[in-house]
Structure formats: structure tokens, C-alpha cells
Amino acid sequence: DTPGIGTFYDFFDRMWLSDSNNLSPNERFVKPKVKKGKKHGDKTPANTGTICSKLLPFLVRNPIKSNHPFGLVFKLYQYQFLNVSITKELINPSQLAIAGDGTPVRTAARIRRKRICNCKENGIHNCNCKRLFSQPDCNGGWDSSRDCYFNGYHLYMFVASDSHSDLPVFPLLERASRHDMLSFLHTFFTMKSYLPSFKVDKMLLDSAMDAFPVYDYCRKQGITPFIDLKKTNNGNYKYKDDFTLDKDGVPICKMGLRMYHDGIEKAKHRAKFRCPKADRKHGCFCESPCSDAKYGRTVHTQLKDDPRLINIPPRDSKEWKKEYDRRTSVERSNKREKEDYKLEGGRHRSSKMWYCRLYAIMMLQHLDAWEMPSVEAFQKHLS
């Protein structure tokens, strides 16, 4: 027999470690409208490099504490579902490859607020007094997939990209107006506080996180970043005076040709490139050789010189492209949550209920992965 709906609400109250149903107070001042982009559909202008260079070192010095109201809900999810997926070898916490991305979660057609002052009765219609918000953790943002503005949350999700079932690892509901860079930093360092034993080995992100401080942090932490470059400000960069780097970190010789990738030296953190008009058998056949060596000119790109453009593996290699293609795992996971499990179908007005709904959906995703047959069993069934 299914218990009554009031039983579930009582259970959610016991799981939520706060007297308030939201993370922010209901009574607050009205914030000014977020500055929009110049064109229709443009995101809010933000200098991500400056934001990241200030916020990332602050979060490193001041770790986020794991004392959020959803802490008990997360423990239930971790002990009964996430750890079980680890024991079933669906997730490897010692060498975790995570893919991160944000997605809009629409909760209402408009921001719900009302006056709590007497200014209107006194003839003051545009006062700056506090308002009572029924969803204080939500605000307005731009949904690029639907090409419209919305009110709600900005869900940032980390998914195990190396799992065959696109299993979610850690989510966070941010404000809808928050930039992807801010959501990424907040969610990543919050995940570190809740999952301190997890060792992130690879990080797959989109171009919104293309900032030098992110690459520098990954290099210091031993994380291999797979981050797409921004489409703006991509040109030829000077490297060691007589060479330039293409937009994907490949050296360009003096003839204006892209050099060939010729291996990686992981111990020395560098990649090797050779002359594009030379081969091992016949040597260099360039009309104006830039080196007396029979093998032709070779260039070693050091990771420490520019960790943004110079990657190991290099951006032009098949290994890099194959690994970055797995970033779509987080998009598939978000699609399952929003389309298959109707995440936006809730009519809740509190962050407590939205977090409970989100974690319940994540639990179902892990349950589906447990029931999914292995590749060998699937092939045997077909034969």
C-alpha cells in the first residue's frame, strides 16, 4: 500500500537540515535586472578570466564546508546508490573522469513576489522596500536551447564521463542568472567537500570554462583538462620568438605550415612536433630548410609555457578528440532528467522540494544502470 502524500512531505521535512525551505531568506530587496547581451540570444557579458582569477584562489584558500541543508539527502544518495555503483565497477573514484555542464530548470512563468510595506497606500508606487518572494533562490536567465528567457534555477551537473550509463555524480542548483564559470567553480569545490576521497583524473568542460586559471589549477592538481577553446581571440601566438602556435596549440613553421605531431614525453610534460616537409626515410625536402639536421626542425612545446594552448595530449591528436567527445555524456544525462523523468514537471515553490525531486531522479538513473545488461550479455542475447 502506498502511503499518503502527507507522509512523503513529512519525510522530506526530516531529510532537510534547515528550518527554512529555501537557502535564501524570503524577504529581500529587489535586485536590478541583469544586463543583457547586445544581440538577441547573447549571454550576459562577463569577463570569465578576471572572475576565475579572483574566485578560484579564494575557494582554494577557503574550502567550502559540507553543511548544506541537502546534506542528509546527499548522504542517502551516496551510501545507497553512488557507492553501490562504485562496487559494481560502474564508476571508478580513484581515476574519475567527469564532464560538467549547466542546464536551465524552469520552475515558474514569472518571479513570484508581493509587497509587505505600506508605501503604495501612502502614494509611493516605486519604493525600494523589501518584497516577499515565494521562490527566493530563483531568478531570471536566458535559455539558449529554447531561445527565450525563463525563471528558475541553473542546474550544474557533474557526470562520470567514462561510465557507459552517463551516471550523475554531483549536482547543484544555482540561480538562473549565474554564469557557467561561477556555477562550475561553486559546484566543483562543493563536490570536493562532499566527496573528498574521489580523485579527479580528467575534466571535460565546454568553452565557458576556457580561462587560464582553470588550466593552471588542473596542472597543479594533476588533472588533465579537456576544455574547448572560445571562438573569439583565436589566432597565431608567438612561441619561443621564431615560432607561432595555431589556435589549437600546434606550432607553425617559418614556411607557414602546421608541424606534424610526433609523440609525447609525459615525464617531461611536453609534446614533440617535427617539420611538415620531412620524413624518417628521406629526411627533409623543404626548399628553404630552417635546420641543418637531416630529420628537419623539431619543436618541443612545454606544458608550463602555456597550459591553455599546450595540452597533453595535444588538441590536434585523435586521443584528445576521442576523450572530448565524451563530454556529451552530461548532456545526455541532463536530457534524461528533464525529458524522461520530467524534472521540470514539478510545481514546487521551495528549494527543499526541488532538491528532493532532483536526487530522486538521480537515484532512478543509478537503478537503471544496475538493471542494464552487460555488453557480453547483450551480444549473447542477440546471437
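The lining of the largest cavity comprises three nonpolar, four polar and two charged residues; here Ala, Val, Leu, Ile, Met, Phe, Trp, Tyr, Cys and Pro count as nonpolar, Asp, Glu, Lys and Arg as charged, and the others, Gly among them, as polar. The model is predicted, so that local features need pLDDT of at least 70 and side-chain atom pairs count only at pLDDT 80 or more, while totals for chains, interfaces and linings use all residues. Residues are numbered from 1 along each chain as its sequence is written, and side-chain values use heavy atoms, with hydrogens and water left out.

The lining is formed by Thr 107, Ala 108, Arg 110, Ile 111, Arg 112, Gln 135, Cys 138, Asn 139 and Asn 151. A cavity is a set of points, on a 1 Å grid over the protein atoms alone, where a 1.4 Å probe fits but cannot get out, and lining residues have an atom within 4 Å of a point. The largest cavity holds about 50 Å³ of space, and the structure contains three cavities of 30 Å³ or more. Volume is the space filled by probe spheres set on the points, which are joined across faces, edges and corners.

Most residues other than glycine have a negative phi. Glu 89, however, has a positive phi near 60 degrees. Glu 89 belongs to the loop between α3 (71–87) and β2 (96–108); helices (H or I, at least four residues) and strands (E, at least two) are DSSP runs, numbered from the N terminus. Because its relative accessibility is 73%, Glu 89 counts as exposed (over 50%, with a 1.4 Å probe and protein chains only; buried means under 20%, and partly exposed lies in between).

Lys 342 also has a positive phi, near 55 degrees, and is found in the loop between α7 (328–340) and α8 (351–371). Lys 342 counts as exposed because its relative accessibility is 51%.

Note on methods. On a 1 Å grid over the protein atoms alone, a cavity is a set of points where a 1.4 Å probe fits but cannot get out, and a pocket is an open set with protein on both sides within 12 Å along at least five of seven lines; lining residues have an atom within 4 Å of a point.
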